[in-house]
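Dear colleague,

Please find below the structure that I am handing over to you.

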Amino acid sequence: MSRKIVIYLVVFLFLLNIFAWQEVFVLNSPHYLKVDFLNVGQGDSAFVQTPENYKILIDGGPNSSMLGKLSSLMPFWDKEIDLVILTHPESDHMQGFLDLLENYKADYILWSGVKKTALEYDKWINILEKQKKLGAKIIIAKAGQEIKAGNILIDVLFPLKSMEGQDMKDTSNDSCVVNKIIYGKESFLFTGDIDSKAEAGLVNSGENILSNVLKVSHHGSKYSTSDLFLENVKPKVAVISVGKDNSYGQPTPEVLQRLEKFGIKVFRTDVNGDVKFVSDGNNIKLIKK
Ligand SMILES: [Zn+2]
């Protein structure tokens, strides 16, 4: 290899490294954070494994498909989740948990504590009672809370005040739990289904919302993912969790255009399937199947 070629290669690899997205398999190293955005159809579900093997689920998706995926991500004998986060009690985020928590034990359950009139909601409350009896601790989310899982920090950023006991007709706006998972220099922001009003509230709250990876709110609804929000989160990558050919027209062209305008690389569960990232705290890598 000539000297010239070597130099070009080094420069190329260096540039790749700056962006830090490498489409290669990474060995199952114990010091990696793994974040799987699961393709569960029209809904949200993400599975997070910390370097110390704490297992965190953020939303359960609209059906039991998350359970099937979990069986390939966790050993079959392991029926314990360290932290379950329900962003809001709507069935496209909750239904999978109703199935999961019949058979799995959760150590901690973080949610907003809002009230709602719906059959699935009543099932959720029953599940919480059952899990409490098994020893689960229920945490009502409020900005400022920090949860440490080994070297991972989970920052609760929203709602800004406790929503416990509040009757919500629409639980997808002001009451969603927004949290950020931080590992070293890298971070993932999970927004549930917040709308642009809640996004503005988050921006003005002074909470540190800067994140490398953004889980796009509300499956790419045009009423979320505002310019203001993107300007402040400054993500390099966005993940849209959305079902194929859904009747809502999500993700909307408006949101896709906004993400493009900001130069954000987009992955979609309806197009890409499960989207998996690993991070060593300095870089984040996309794992391609
Ligand atoms: Zn949703």
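Predicted model: local features only at pLDDT ≥ 70, side-chain atom pairs only at ≥ 80, totals over all residues.

Residues are numbered from 1 along each chain as its sequence is written.

**The eight-stranded sheet**

Helices (H or I, at least four residues) and strands (E, at least two) are DSSP runs, numbered from the N terminus. Two strands are taken to pair if DSSP finds at least two bridges between them. On that basis, eight strands make up an open sheet of mixed pairing, in the order β6-β5-β4-β3-β2-β1-β14-β15. Its edge strands, each pairing on one side only, are β6 (137–140) and β15 (284–287). From one strand to the next the twist averages 20°; here axes are lines fitted to C-alpha atoms (for helices over the stretch in contact), and angles run from 0 to 180 degrees between N-to-C directions.

A residue is called buried if 20 or more other C-beta atoms lie within 10 Å of its own, exposed if 12 or fewer, and partly exposed in between, with C-beta atoms placed from the backbone. Strand β1 (residues 33–37) has four of its five residues buried, so it is largely enclosed by the rest of the structure. Strand β1 is joined to β2 (residues 46–49) by four antiparallel bridges, with K34 partnered by Q49. Strand β1 also pairs with β14 in the antiparallel sense, over five bridges, and F37 has V275 as its bridge partner there. Strand β14 (residues 275–279) in turn runs antiparallel to β15, with four bridges between them; K276 stands opposite I287.

**The seven-stranded sheet**

A second open sheet, also of mixed pairing, has seven strands in the order β7-β8-β9-β10-β11-β12-β13. Strands β7 (146–149) and β13 are its edges, each pairing on one side only. Neighbouring strands are turned by 20° against each other on average, direction ignored. Five bridges link β8 to the antiparallel strand β9 (residues 178–183), and D155 lies opposite K180.

**The largest nonpolar core**

A nonpolar core is a set of buried Ala, Val, Leu, Ile, Met, Phe, Trp, Tyr and Cys residues joined through C-beta atoms within 7 Å. The largest such core holds 71 residues, of which V84, I85, F158 and V177 touch the most other members. Strand β8 (residues 152–158) gives the most to this core, namely five residues. Contact means that the C-beta atoms of two residues, placed from the backbone, lie within 7 Å. Beyond residues up to four places away in sequence, I85 touches I56, L57, I58, L110, V177 and N179.

**Helix α7**

Which residues of α7 (residues 253–261) are buried? They are V255, R258 and L259. The face turned away carries the exposed residues P253, Q257, E260 and K261. The cover over the buried residues includes α6 (227–233), β12 (237–240) and β13 (265–268). Just after α7, G263 adopts a positive phi of about 70°.

**Residue A136**

A136 lies in the loop between α4 (119–133) and β6, and counts as buried with 20 C-beta neighbours inside 10 Å. Leaving aside neighbours within four places in sequence, A136 contacts A106, D107, Y108, I109 and Q131.

With kind regards
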